[in-house]
Amino acid sequence: HNSDKRGIFVTDFSQEKIYKIGKETDVISFLRDEILKSGISEDVVGIYFDGFQRDGCFDETITQVPFDFHGGYVGYLGYEVWHDTLSSSSDHKERDLESYSDPYVPTAAFIFTDRSLVYDHWRDEWYLIGVTEISDTASHTKENTVRWMRDTLVKLQSMSSTREKDIAKEKTGKDTEPLSFDWKRSKNEYSVDISMCHEKIRQGESYELCLTNQLKTKVSFPSDSKRCLSSSPFGLYKILRENNPAPFSSFMNFNSPTFGHRHDDVFQKSSVSICCSSPERFLSIKREESTSNSINPQISKGHGWEFRPPFVSKQREGRVQYVVESKPIKGTKPRYISTGHFNDEMADAKDREVANDLQQSTKNRAENLMIVDLLRNDLSKVCEVGSVHVPKLMAIESFATVHQMVSTIRGNVDHSYSAIDVIAACFPGGSMTGAPKVRSVDILDELELGQSRGPYSGCLGYISLNGAMDMNIVIRTAVVTPSEPVSDSILSWNVSIGAGGAITALSESDDEFDEMLLKARAVRKSVESWKNQNI
């Protein structure tokens, strides 16, 4: 499902048709209706094949899987979905869509994943997930699903175990060519915007404004590399994943299909790819009993993997209780990387000093606390009274390149609300808007000239058919779209990197610009490595 201001387009692959839903239906309402139509399915039937049997027999049993995704919707909501979730004066402004957004990048896009391969990193195991309709006219019957599972299993088992070379290090020894990036708004323009933020804060219009900017560049490869994955956006993602590993990373590619035609290109003209290395969880909804699964505390401690609610709902009444969690990030410092002047012990000590400075920063603590209060308010709209709480306030979490100040807010979802209702109550994430949210979004829309942020600042992840959900905040991300080639011998991509920071009364212009550069650095270096890998 692709959504933008021109309407919602739904692709039915079983019928090879694309149809449009009118502009009066917003993407949040559409997703809510689709999920209600599908219903909540809590049972999982495990299929076990006997490799020595040739008669198609299999065993099945009611079982559980060690993760919460049971099939459903996978995709993203771009930042501009705020027009559907917030009541804002900016909604009434007339705009030229072509001038303010990329026509090749939908405001939102989702795939209904009725068949998927899921990899469990903890257990190093693959799972085949198939959704079966229970009706007389169902096209996805149990027999069809089992046949797909068996065929896919045979293909997986026939694959040879190969290890690709590290594409981030695939260099031919030639000198690399520099790659130039252009800011959507220059440093001087950004400084003026920061001054305007200070003025709005002094006037009492906002406490905190999350101002953003975008870097843009074009990357080209010889056309003979068209079929090579390393020259596709997935090649960029592999480099980014190596350079900046993060718990909420993701690669997504959406192509607009052209039924009845073959395309030789790996990625079509109308495709968009998201190469994301986000460290930030926007919202996660899990069944309460599933959160008690044992996880190695030495592995998960302080890195966003753990999820343990503090109490059992008083409103259970025999129903499944869902717990929502948000982990906003406000406060970023670069890690100390030893250059050889210090031994490992001294380098670790200096790195701890950096983390401690972040922990004690008055400005960063103020930024973090304001967003925590904002999210507590958002979640209170859809959670049981008294259940919203903050088990971690201003904790420091360390990643490959930066230290981050992260808080954790949790609550028990009221039984009258669904995952879509939780998104509607909280979107866009407070860490990308400021506080108070609605007025801050209006101010930012004016300062950023009404131009679309695209997927950046939005969220991506899954909404499962069992009522669970996990969405990140789309930061530390490159958005890639095909570019018009200068010749038939060149394959070109447009790349956009979003970055920004929270402006408060204590913010200084140069410091804020430097922080924006820091947040974009890992993605920018990855794009440069991608560009230069085959030179």
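These are my notebook entries on a few local features of this predicted model.

**Ground rules.** I number residues from 1 along each chain as its sequence is written.

**Helix α12.** I looked up α12 (509–532). Helices here are DSSP runs of H or I with at least four residues, and strands are E runs of at least two, numbered from the N terminus. α12 has 24 residues. I found a span of 33 Å from first C-alpha to last, close to the 34 Å expected. The expected span is 1.5 Å times one less than the number of residues. Where does α12 bend? It bends by about 45° at arginine 521. That bend is the angle between axes fitted to the seven residues ending there and the seven starting there.

**Cis peptide bonds.** I noted that most peptide bonds are trans. Phenylalanine 427 and proline 428 are joined by a cis bond, with omega about -5°. Proline 428 sits in the loop between α10 (419–426) and β19 (434–435). Another cis bond joins alanine 435 and proline 436, with omega about -5°. I placed proline 436 in the loop between β19 and α11 (437–447).

**A positive phi.** Most residues other than glycine have a negative phi. Aspartate 124 has a positive phi, near 55°. I found aspartate 124 in the loop between β8 (115–120) and β9 (125–130).

Technical notes. Predicted model: local features only at pLDDT ≥ 70, side-chain atom pairs only at ≥ 80, totals over all residues. Heavy atoms only, no water.
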